[in-house]
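Look at the chains below and think about what holds them together.

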Protein chains: 2
Amino acid sequence: MVETTLFPSERLSEFSARVFEHYGVPRADAAQAAAVLAAADLRGVDSHGVARLHTYVDMLELGRINPRPNVRIVRESASTATVDGDNGLGLVVGPRANEIAHAKAASAGSGWVSVCHTNHYGIAGWYAMQGLARAHIGWAMTNSTKLVAPLFGAERMLGTNPIAIAFPCGSEPPIVVDLATCAAAYGKVEIAKRHNAPIPAGWAIDRAGRVTTDPQAMIDGGALLPLGSERELGGHKGYALALSVDILCAVLSGANWGPFTPPFALRQEVPKRSVGKGIGHFFGAMRIDAFVDPAEFGRQMDDLVRTFRATRAAPGTSGVLLPGDPEREAEALRRAEGIPLVQPVVEDLRDVSRITGVPFA
Amino acid sequence: MVETTLFPSERLSEFSARVFEHYGVPRADAAQAAAVLAAADLRGVDSHGVARLHTYVDMLELGRINPRPNVRIVRESASTATVDGDNGLGLVVGPRANEIAHAKAASAGSGWVSVCHTNHYGIAGWYAMQGLARAHIGWAMTNSTKLVAPLFGAERMLGTNPIAIAFPCGSEPPIVVDLATCAAAYGKVEIAKRHNAPIPAGWAIDRAGRVTTDPQAMIDGGALLPLGSERELGGHKGYALALSVDILCAVLSGANWGPFTPPFALRQEVPKRSVGKGIGHFFGAMRIDAFVDPAEFGRQMDDLVRTFRATRAAPGTSGVLLPGDPEREAEALRRAEGIPLVQPVVEDLRDVSRITGVPFA
């Protein structure tokens with residue numbers, strides 16, 4: 001059992017917001033960025049919450065991220081836009097570009113926005129969920145630093161390139177899909193290493209390109225495998241999805257793609273060349289009433305959710321979940337009890353406090 | 001080695017077209033339907049070509065499919081439409097609805113069309129590729145008869161629900177993603193059974209919901225597993241993708257979803273209840289110049305394709321492919337040499353000839 005300390009979500013997000021403000025991020029943007037981080041912590045996606053604050057600080061401290069970006073549309077049509085994030089925080093650029101997608105959907109039925117010159121935007125699911133209250137289906141993708149091998153490749157060429165889609169229901173909670181297009185998260189490999197435990201065959205390859213169960217062999221120049229793992233179980237499919245995300249986020253917007261996607265953290269390898277500006281995101285919004293009566297959609301979605309919950313359960317499992325269930329359960333618990341932070345994250349936040357002078361008690 | 005007979009693609013598609021015409025399908029629609037079947041055979045997707053003609057014939061013979069559908073838009077916005085296929089052949093309804101998506105993209109930057117009251121539409125990749133010549137990115141999805149279990153489920157609840165996306169390049173051939181959201185195709189389970197061979201763990205479960213390596217145990221009331229297989233390798237991700245396809249194709253259009261999706265073939269189980277009309281498709285089109293200068297997009301895509309081909313190869317493999325490579329190679333070969341049909345398919349076509357009186361020599 002890992003020891004954790006509980007912190008109220010509000011306290012963490014106040015701290016994050018003040019840290020961003022310290023670097024000249026305008027108050028409203030700082031609050032927005034902090035809210036996206038807080039959403040990750042609340043939903044149990046610990047890798048994308050305040051655990052990442054120190055990395056954002058490193059980049060801001062060195063002037064690698066623009067605290068006051070001029071986020072602007074560089075090309076558009078009735079239902080599409082390309083946005084240049086002016087090297088701002090992804091946590092600031094992302095919400096604005098996503099809002100453009102939803103505004104386009106309001107006027108044209110759907111809105112699709114590809115974003116260049118941006119940085120790490122946090123948790124993909126948060127973006128997809130922004131349309132739920134408006135009866136929109138929301139989509140969010142991003143590319144990221146290379147970590148994943150294409151099928152039959154022996155080196156890192158793609159990011160973990162997530163796809164998130166959120167569907168509103170009627171009286172049932174929404175379905176929120178949020179998946180990285182690799183077989184398993186890098187964080188899980190790190191955890192196995194800390195516990196001196198092997199990783200399952202299918203998660204990773206070593207630097208020679210062979211499937212490995214040794215977490216250290218993946219970390220030392222190996223790579224994660226795409227969703228589907230090897231060829232036999234469909235690794236070509238996860239690779240194709242990761243590549244599609246890369247093209248929609250980066251080639252369509254003019255950002256860096258594939259192995260040239262710049263790193264999120266200072267200690268990560270700098271790509272050999274630059275083929276665009278920053279990293280890329282892709283957002284989509286679809287107005288449900290542009291397709292079908294929203295009340296009928298809600299009734300059918302409720303029926304679908306109940307039908308899937310009633311699936312006969314596989315032995316040794318607690319039965320079928322709907323995408324978004326685990327995160328919603330985590331959020332209910334963490335809103336009541338607080339966010340559990342492990343000691344290294346608490347130490348990191350104390351370090352951020354020392355660097356910035358923002359109190360963290 | 002399986003024995004095959006080679007047939008020129010044109011001869012097979014002429015035969016298919018005349019068979020459709022025999023059932024009252026108008027000449028242009030019959031030619032369109034035959035062209036979609038031929039595309040599958042040319043691209044090496046044998047399961048979706050003339051091997052399926054007998055099944056279409058069974059349905060037309062019994063009046064289960066409307067040969068002269070009134071395909072119409074029932075709701076629309078600048079960038080979206082919902083289409084009712086009037087129970088036509090999917091091979092006829094699909095191309096028309098897809099064309100509506102591309103026409104919307106021409107005027108509004110992107111076009112998204114959800115289709116109800118339709119039937120099996122053939123190979124998803126064909127639809128996605130229809131935008132390539134117009135510098136559009138094309139998307140195509142469909143739901144289908146239940147065959148796949150949701151993660152932690154012990155029964156069939158979802159179709160193999162494919163996702164296809166086609167991206168034009170500059171001078172390189174296009175990238176064509178076309179993947180079913182299950183770990184492996186049902187056809188592969190059938191092949192293993194014919195060879196008395198086990199299937200890999202991760203493809204399927206038996207009727208009790210346990211992972212099985214016995215193809216017969218899957219066929220007898222078991223189910224395929226989603227892409228990612230079990231929880232450890234990301235089976236929840238493939239399940240979430242399959243469910244998303246189902247919602248976009250069927251809930252958004254008013255078609256039947258999940259376990260209620262009607263069967264393609266007569267011998268398949270009839271669903272317990274009906275929750276909509278027919279099966280559902282979803283098409284998308286994005287005009288590249290609505291996002292970025294198409295010449296620049298072409299240059300970047302060419303660079304991306306060459307960069308990925310130059311990935312260091314994993315040992316024991318011939319190196320990294322791009323999505324669409326195997327199908328393009330099959331097409332080059334089959335255009336030159338003909339379509340290899342196995343004897344049972346040839347017998348099936350002879351039977352179609354006997355039923356319809358259309359000569360097949």
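How many salt bridges are counted between chain A and chain B? In this predicted model, the count is two. One of the pairs joins Asp303(B) to Arg273(A), with N and O 2.7 Å apart. Helix 8 (residues 235-251) of chain A gives the largest share of the side of chain A that touches chain B, ten residues. That side of chain A divides into 56 nonpolar, 21 polar and 14 charged residues.

The interface can also be described by its area. About 7400 Å² is buried between chain A and chain B. Carbon and sulfur atoms give 68% of that area. In contact are 91 residues of chain A and 91 residues of chain B. The interface also holds 36 residue pairs in polar contact.

Now take the whole model. Over all chains, the count comes to 36 salt bridges.

| Pair | N to O distance |
|---|---|
| Arg43(B) and Glu331(B) | 3.7 Å |
| Glu76(B) and Lys104(B) | 2.6 Å |
| Arg134(B) and Glu99(B) | 2.9 Å |

Is Arg43(B) buried or exposed? Arg43(B) is buried, because its relative accessible area is 9%, under the 20% cut-off. Glu331(B), at 19%, counts as buried too. Arg43(B) lies in a loop and Glu331(B) in helix 10 (residues 325-337) of chain B, so the pair ties together parts 288 residues apart in sequence.

Glu76(B) is partly exposed at 48%, whereas Lys104(B) is buried at 11%. Arg134(B) is partly exposed at 35%, and Glu99(B) is partly exposed at 39%.

Chain A has a network of salt bridges that links Arg43(A), Glu331(A) and Arg335(A).

How values were computed: Residues are numbered from 1 along each chain as its sequence is written. Chains are lettered from A and ligands numbered from 1 in the order in which they are written. This is a predicted model: local features need pLDDT of at least 70, side-chain atom pairs count only at pLDDT 80 or more; totals for chains, interfaces and linings use all residues. Side-chain values use heavy atoms; hydrogens and water are left out. Contact means heavy atoms within 4.5 Å. Buried area is the accessible area (1.4 Å probe) that two parts lose on being put together, summed over both. A salt bridge is a side-chain nitrogen of Lys or Arg within 4 Å of a carboxyl oxygen of Asp or Glu. A polar contact is a pair of N or O atoms within 3.5 Å; within protein, one must be able to donate a hydrogen and the other to accept it, and residues adjacent in sequence count only if both atoms are side-chain atoms. Helices (H or I, at least four residues) and strands (E, at least two) are DSSP runs, numbered from the N terminus. Ala, Val, Leu, Ile, Met, Phe, Trp, Tyr, Cys and Pro count as nonpolar, Asp, Glu, Lys and Arg as charged, and the others, Gly among them, as polar. Buried means under 20% relative accessible area, exposed over 50%, partly exposed in between (1.4 Å probe, protein chains only).
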